[in-house]
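This report goes through one protein model, from single residues to the whole chain. Please look at the structure first and then read on.

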Amino acid sequence: MFNHIFQLKGSQPESSSHCYMVETFLNAATFSKDHEGRDKSMSFEDFKSWCTLVPSVKKFLSNLLVPPDPGRPGSKVPKLQYSENIDSSILLLRDEYAWHMGGALSHEELEEWKLLYHSSLNGLSFNTFLGNISNGDEPTVLIIKDREGYIFGGFASQPWERHGDFYGDVKTFLFQLYPKASIFRPTGANSNLQWCAVNFSSETIPNGIGFGGRINHFGMFLSASFDQGHTFSCTTFNSPCLSKTAKICPEVIECWGVVRKGLEQETTDVVKGTVLERFKEDRHMLNLVGIANASE
């Protein structure tokens, strides 16, 4: 898949970078099927579970019959925009990670992502972070690398604005990028999706930004000091602790703005598109394995 996708994008196929990333994605999979004298492989149930965690795989496979094109669903990688004087080696977001997150996003949200904040460039500052991302209402991709070397974050579908309670919508999700790549979407268990508290004096309203869970026990949380946070398993996204331990000690914090093109059309089509498009992808996948009729 990587060779195909990034060859279309113009990258060199079979590069060491892509080979290195394959292990990261496979780390999210379970291999439970026994073979005498050979390594275990994925069962069909293992594969379905893996596609839930890595929806870009499902999107790619369900559109195999569509003519090859860089914009084909499952093959599209957003263009990452950042200043020419920034050394790309300091960035956490890579093309493979952007493709991974694209599995949970609409086609319009995969055109262009713009770097809004990077702690190495802007400092570990909550106020600077909010100032850099407050110029628009586009979704944002928040990525953290902690001192344990884990890379994870959250997709915020709503702007980061001061609230005294949870807010957000069901397009919000949490993700892991390293040492394994997984996406955790809302389960409907509760509506505790996004959190942004600024300059509250109450101990019951912790200042900072977060996703999921409950107050003081978030799925992911960064305090307003931007030097610590936590991550716990939560039913909001059915997500595990995203790092090695529950305590987060950020080493790098990065935020990208999703430039949504064709937004008016997306808004018009939201009712008829959101569920039906996902259903169409499921139908494609069922056709591939020959069980489409069984689902009717």
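## Pro-186 and its surroundings

Apart from neighbours within four places in sequence, Pro-186 is in contact with Val-170, Thr-172, Leu-193, Thr-236 and Phe-237. The model in which these contacts occur is a predicted one. Pro-186 sits in the loop between strand E8 (182-184) and strand E9 (194-197). Its relative accessible area is 24%, so Pro-186 is classed as partly exposed. Pro-186 and Lys-171 are 15 residues apart in sequence, and their C-alpha atoms are 7.8 Å apart in space.

Thr-172, one of the contacts of Pro-186, lies in a loop as well, between strand E6 (151-156) and strand E7 (173-178). Is Thr-172 buried or exposed? Its relative accessibility is 0%, so Thr-172 counts as buried. When neighbours within four places in sequence are left aside, Thr-172 is in contact with Phe-155, Ser-157, Pro-186, Leu-193, Gln-194, Phe-211 and Phe-237. With Ser-157 there is also a polar contact, in which the side chains of Thr-172 and Ser-157 are joined at 2.9 Å.

## Salt bridges

How many salt bridges does the structure hold? The structure holds five salt bridges. The table lists some of them.

| Residue pair | N to O distance |
|---|---|
| Asp-34 and Lys-40 | 3.6 Å |
| Lys-48 and Glu-45 | 3.2 Å |
| Glu-109 and Lys-171 | 3.0 Å |

The side chains of Glu-109 and Lys-171 meet in a salt bridge, and this pair links distant parts of the chain, 62 residues apart. Glu-109 is in the loop between H5 and strand E4 (112-118), while Lys-171 is in the loop between E6 and E7. Glu-109 has a relative accessibility of 1%, so Glu-109 counts as buried. Lys-171 counts as partly exposed because its relative accessibility is 29%.

The pair of Lys-48 and Glu-45 is placed in another way: both residues lie in helix H3 (residues 44-53), three residues apart, which is about one turn of the helix. Lys-48 counts as partly exposed, at 39% relative accessibility.

In the pair of Asp-34 and Lys-40, Asp-34 has a relative accessibility of 57% and counts as exposed. Lys-40 has a relative accessible area of 47% and is partly exposed. The cut-off matters here: because exposed means over 50% relative accessible area, the two residues fall into separate classes.

## A buried helix and a buried loop residue

Asn-63 is a loop residue, found between helix H4 (55-61) and strand E3 (79-81). With a relative accessible area of 7%, Asn-63 is buried. Its side chain makes a polar contact with the side chain of Ser-62, at 3.3 Å.

Which residues make the nonpolar surface patch of about 210 Å²? The patch is made by Val-22, Leu-26 and Phe-31. Phe-31 is placed in the loop between helix H2 (16-26) and strand E1 (33-35). At 36% relative accessibility, Phe-31 counts as partly exposed.

## Cysteines

The count of disulfides comes to zero. Cys-241 counts as partly exposed, at 25% relative accessibility. Cys-255 is buried, with a relative accessible area of 0%.

## The chain as a whole

The protein chain has eight helices and 14 strands. Of its 296 residues, 44% count as buried. The accessible surface of the protein chain comes to about 14800 Å², and 49% of that surface belongs to carbon and sulfur atoms.

How values were computed. Residues numbered from 1 in each chain as written. Predicted model: local features only at pLDDT ≥ 70, side-chain atom pairs only at ≥ 80, totals over all residues. Heavy atoms only, no water. Patch = residues over 30% accessible without salt bridge, like charges linked within 9 Å, V, L, I, M, F, W, Y side chains within 5 Å. Areas by Shrake-Rupley, 256 points an atom, 1.4 Å probe, with all protein chains shown as cover. Salt bridge = Lys/Arg side-chain N within 4 Å of Asp/Glu carboxyl O. Helix = DSSP H or I, 4+ residues; strand = E, 2+ residues; numbered from the N terminus. Buried < 20%, exposed > 50% of the residue type's maximum accessible area, 1.4 Å probe, protein only. Disulfide = S-S within 2.5 Å. Polar contact = N/O pair within 3.5 Å; in protein donor to acceptor, adjacent residues only side chain to side chain. Contact = heavy atoms within 4.5 Å.
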